[in-house]
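User: I would like to learn how to read a protein model feature by feature. Could you walk me through this one?

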Amino acid sequence: MSDLWLVTGSQHLYGPATLARVEEHGRGIAAALDGALSERGLPVGVRHRGPVASADEIRRVCLEATADDDCLGLIVWAHTFSPAKSWLRGLVALGKPLLHLHTQFNRELPWAEIDMDFMNLNQSAHGDRELAHALARADVRRTTVAGHWQDPAVLARLDTWTRAALGWHEAQRLRIARFGDNMRRVAVTEGDKVEAELRLGMAVDGYGVGELAAVVGDAADETVDELLRAYENEYEVAPELREDGERRASLREAARIEAGLRAFLEDGGFCAFTDTFEDLGALRQLPGIAAQRLMADGYGFGAEGDWKTAALVRIAKVMATGLPGGTSFMEDYTYDLTPGDEKVLGAHMLEVCPSIAGSRPRCEVHPLAIGSRDDPVRLVFTAHPGAAVVAALFDRGDGLRLLVNEVDVVEPDAPLLRLPVGHAVWRPRPSFAAAAEAWLTAGGPHHTVLSFPLGTEVWVDFATIAGLELTEVARDG
Ligand code: MN
């Protein structure tokens, strides 16, 4: 379990009795924030650190936070006055996300009783302005949230920022297995892996697909049998793929690929992966149901060597921890351009995550229109309707840009009876033309992450933490 540290700033000017009150208040607020995050299903604790009242204490707490793998980030506020110079040496050494919580212990003022002792204990109105000056001068990437610490709107903002901090924490240790290289001649799925590791921490490790094929070949028959039982329990398996069906061997091969992929990723500590249909070596099918089920279990995936989207799918799944609604790799595939009712039909060759399915997925086998291997097994479904956000990473060559667009996933106009892949239909906000023009102008890729539980705000907070340039195509309709 990871922790956020609530660091309460003060100074020694007021004497030990005041600092004791500050500590008591800080502990109370930390406990309340801790409770609010657990209520929201976040596996994150909030610990009070402080009050910090000198430059040495502040520097030490910043260094400790930076060195602690379980510390997700700092929440800072100045209960009393905390002179900005005492923060500078600590802030320049801080390597963790920072939320400035501009709050005050008491909600209402006890107007008739206010004396100067009260004023000096509860002075974050100007103490936090002094702290914010230090944050601004040190150019600390930060999110600022103002309001009473019990206000549901403040707690919702804390929830969102904590999710972004979890995403950053994941990026910092994320390892992505890249089976084969990039789809030949495609540019957008390329990128500077060194820059990505410097900026986001993620490591991309390349493997010849032969190494994966060997692990697939070694998969135990019992493991394959277990997966076949899971398929039969979880999906509507097509008659030809059932136990006595004429294409049962295809399902068995698909399960063997899943078993091998899982083993490879688990053994290597990978939480995301890519493949490409152009480089399958001895794999007899392009991984379809395997990639889909791994995504449903929280793995990141990107097709055609797209390690950036694989990372983003994983980060999104971590940020959505405990929230209902699915998150998937996605591609803008084809349009309905009926004037005034334009829609995107999103899908991929196979690899759409069943976490967004509107009903029980069907498990089917069909030819892949491209490539030269056996027909791959896949899960087929239509995404349920609802508000969602698509996000993508664009490598500009001199840095990374994050793009986000709010969309409304809708029911298709008619059932897609002959479309043998998982898919989603959506209307981009604020309109098809505005969204597509902004996306294309910003260099937005065709591979994205589509997520129901994550709104724009969590992506904005993630971009802030990561120092990414951000293009928000539309917000709040
Ligand atoms: Mn693609």
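Analyst: Gladly, and let us begin with a strand pair. Strand E6 (residues 175-179) and strand E7 (residues 203-207) pair in the parallel sense, over five bridges. Helices (H or I, at least four residues) and strands (E, at least two) are DSSP runs numbered from the N terminus, and two strands pair if DSSP finds at least two bridges between them. Before going on, note that this is a predicted model, where local features need pLDDT of at least 70, side-chain atom pairs count only at pLDDT 80 or more, and totals for chains, interfaces and linings use all residues. Residues are numbered from 1 along each chain as its sequence is written, and side-chain values use heavy atoms, with hydrogens and water left out.

User: Which residue in E7 is the bridge partner of Ala177? And what unit do E6, helix H7 and E7 make?

Analyst: Ala177 has Asp205 as its bridge partner in E7. For the second point, a crossover is right-handed if, with the strands pointing away from the viewer, the path from the first strand over the helix to the second runs clockwise. Here E6, helix H7 (residues 193-200) and E7 make a right-handed β-α-β unit.

User: How many helices and strands are there in the protein chain?

Analyst: The protein chain has 14 helices and 19 strands. Its radius of gyration is 25 Å, close to the 23 Å that the globule rule gives for 477 residues, so the protein chain is as compact as a globular protein of that length. That radius is taken over C-alpha atoms, and the globule rule is 2.2 Å times the number of residues to the power 0.38. The C-alpha trace spans about 85 × 50 × 45 Å along its principal axes.

User: Which domains does the domain assignment give?

Analyst: Domain bounds come from an automatic or database domain assignment. For this chain it gives domain 1 (2-172) and domain 2 (174-476). The contact between them takes 19 residues from domain 1 and 22 residues from domain 2, where contact means heavy atoms within 4.5 Å. The C-alpha centres of the two domains lie 38 Å apart.

User: Now burial. What percentage of the 477 residues is buried?

Analyst: Buried means under 20% relative accessible area, exposed over 50%, and partly exposed in between (1.4 Å probe, protein chains only). Buried residues make up 56% of the 477 residues. Just after H14, Gly467 takes a positive phi of about 70 degrees.

User: How should I read the two faces of a strand such as E18?

Analyst: In a regular strand the side chains alternate between the two faces of the sheet. In E18, His447, Val449 and Ser451 lie on one side and Thr448 and Leu450 on the other, and all of these are buried. Five of the five residues of E18 (residues 447-451) are buried, so the strand is largely enclosed by the rest of the structure. E18 pairs with E11 in the antiparallel sense over five bridges, with His447 as the bridge partner of Glu331. Strand E15 (residues 386-395) also runs antiparallel to E18, joined by three bridges, and Val390 stands opposite Leu450.

User: Is Met330 buried or exposed, and where is Leu337?

Analyst: Met330, found in strand E11, is buried, with a relative accessible area of 0%. Beyond its neighbours within four places in sequence, Met330 has contacts including Trp426, His447 and Leu450. Leu337 sits in the loop between strand E11 (327-336) and strand E12 (343-347). Leu337 counts as partly exposed at 49% relative accessibility, and touches Glu342 and Phe432, not counting residues up to four places away in sequence.

User: Last, what should I look for in the backbone angles?

Analyst: Most residues other than glycine have a negative phi, and most peptide bonds are trans. Arg185, which is not a glycine, has a positive phi of about 75 degrees; Arg185 is in the loop between E6 and H7 and counts as exposed at 79% relative accessibility. Glu304, also not a glycine, has a positive phi of about 55 degrees, but Glu304 counts as buried at 7%. The peptide bond from Gly50 to Pro51 is cis, with omega near 10 degrees, and Pro51 is in strand E2 (residues 44-52). A cis peptide bond also joins Arg429 and Pro430, with omega about -5 degrees.
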